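Please read it alongside the sequence and the coordinates.

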Amino acid sequence: EMATVPLGFNIDAPCWDQSTFVGRLKHFLNITDPRTVLVPEEELDRAKALVEGCRAGLLPPGSSQEQLLYAKKLYDSAFHPDSGEKMNLIGRMSFQVPGGMALTGCMLQFYRTVPAVVFWQWVNQSFNAIVNYTNRNAASPISLRQIGVAYVTATGTALATAVGLNLYTKQAPLLLARWVPFAAVAAANCVNIPMMRQQEIINGVTVMDGDNNELGHSRRAAVKGIAQVVVSRITMAAPGMIILPIIMERLEKSPFMQRIRVLHGPLQVLLCGGFLLFMVPAACALFPQRCSLALADLEPELRDSIMAKHGDKVPYVYFNKGL
């Protein structure tokens, strides 16, 4: 026998106000929690069943509000917000801290030789491609060929930037050379994300009114959402890749650090993890996930069709910008 959902409880209503940065930060601290990566698949599936049951108004007897909120946390961390499909582990935002700290640490540690730069930038762009594909707006399908072109273009951009700047900074102060990986990551993000999500730019994303009624597809909404994601991703990487090299530059001069050279790499990875633990949720929280666009900023034909149907009742349209 199933129990009914407590009166006034909506499992899809965020626990924190999503119109403020602090509210969004708390929300993303919750769902990007790296510990959720360790949760077994069966528990994730049970969480999904519980969330879907709650949406349908049916619950297993004795289900507490705490259990429902924890199930929603697991659901949000592992399932795509558009399609409800389970996301691959590497692409989840909750994997950004363990995955990102290892890759960022290695890029910052092995920046001196061209082969090392090429290898770590390639590995990082492969990781980014998986993350961008996993967190796209799922309503816009993308072909394998488009994925391949996006991957090759972004990797090529990262390598060209990294190798070019690496050679250019040979005579420059050491700190400039340490900042090369960030320049490469930022340049690649500007290419990788729009390329991986090009279908959204070509065909537009689904836009809705305040009550989630579909209104049509907008390319301008797609461009706004993707631009915000690019800014978020660069912000996510910036503190670790800009401040950490300054810290390591100072530390490596000390006699103690000279004696433990073998630990420089692991220390750099750990410090990257510290930065990312806060920066992943902070960067995700920069802009609302449910992005809005004023009716006046839409394509003229879409704006006209909305006004013909709804008059001036829809001042803004809403859409999922992806992460």
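**Note on the predicted model**

1. The secondary structure of the protein consists of 13 helices and six strands, where helices (H or I, at least four residues) and strands (E, at least two) are DSSP runs numbered from the N terminus. The radius of gyration, at 22 Å, is close to the 20 Å that the globule rule gives for 323 residues, so the protein is as compact as a globular protein of that length. The radius is taken over C-alpha atoms, and the rule is 2.2 Å times the number of residues to the power 0.38.

2. On conventions: this is a predicted model, in which local features need pLDDT of at least 70 and side-chain atom pairs count only at pLDDT 80 or more, while totals for chains, interfaces and linings use all residues. Residues are numbered from 1 along each chain as its sequence is written, and side-chain values use heavy atoms, with hydrogens and water left out.

3. Along the principal axes, the C-alpha atoms fill a box of roughly 65 × 50 × 35 Å. Buried residues make up 47% of the 323 residues; buried means under 20% relative accessible area, exposed over 50%, and partly exposed in between (1.4 Å probe, protein chains only). Among contacts (heavy atoms within 4.5 Å) between residues at least 6 apart in sequence, 77% join residues at least 24 apart.

4. The protein is divided into domain 1 (21-86) and domain 2 (93-320), with bounds from an automatic or database domain assignment. Their contact takes 16 residues from domain 1 and 23 residues from domain 2. The domain centres, taken over C-alpha atoms, are separated by 25 Å.

5. The structure holds 13 salt bridges, each defined as a side-chain nitrogen of Lys or Arg within 4 Å of a carboxyl oxygen of Asp or Glu. One of them joins Asp33 to Lys73, with the closest N and O atoms 3.0 Å apart. Asp33 lies in the loop between helix H1 (21-31) and helix H2 (41-55) and Lys73 in helix H3 (residues 65-78), so the pair ties together parts that are 40 residues apart in sequence. Asp33 is buried at 8% relative accessible area, and Lys73 is buried at 12%.

6. Asp45 forms a salt bridge with Lys86, the closest N and O atoms being 3.0 Å apart. This pair links distant parts of the chain, 41 residues apart: Asp45 is in helix H2, and Lys86 is in the loop between H3 and helix H4 (96-109). Asp45 is partly exposed at 38%, as is Lys86 at 29%.

7. In the salt bridge between Arg197 and Glu200, the closest N and O atoms are 2.9 Å apart. Arg197 is buried, with a relative accessible area of 3%, and Glu200 is buried, with 2%. Elsewhere, a network of salt bridges links Asp12, Arg55, Lys72 and Asp76.

8. The accessible surface comes to about 15700 Å², of which 65% belongs to carbon and sulfur atoms; areas come from the Shrake-Rupley method with a 1.4 Å probe, and for residues only the protein chains shown count as cover. Phe21, Val22, Val231 and Leu286 make a nonpolar surface patch of about 310 Å². Patches are made of residues with over 30% relative accessible area and no salt bridge, nonpolar side chains (Val, Leu, Ile, Met, Phe, Trp, Tyr) being joined within 5 Å and like charges within 9 Å. Leu286 lies in the loop between helix H12 (264-284) and strand E5 (290-294) and is partly exposed, at 31% relative accessible area.
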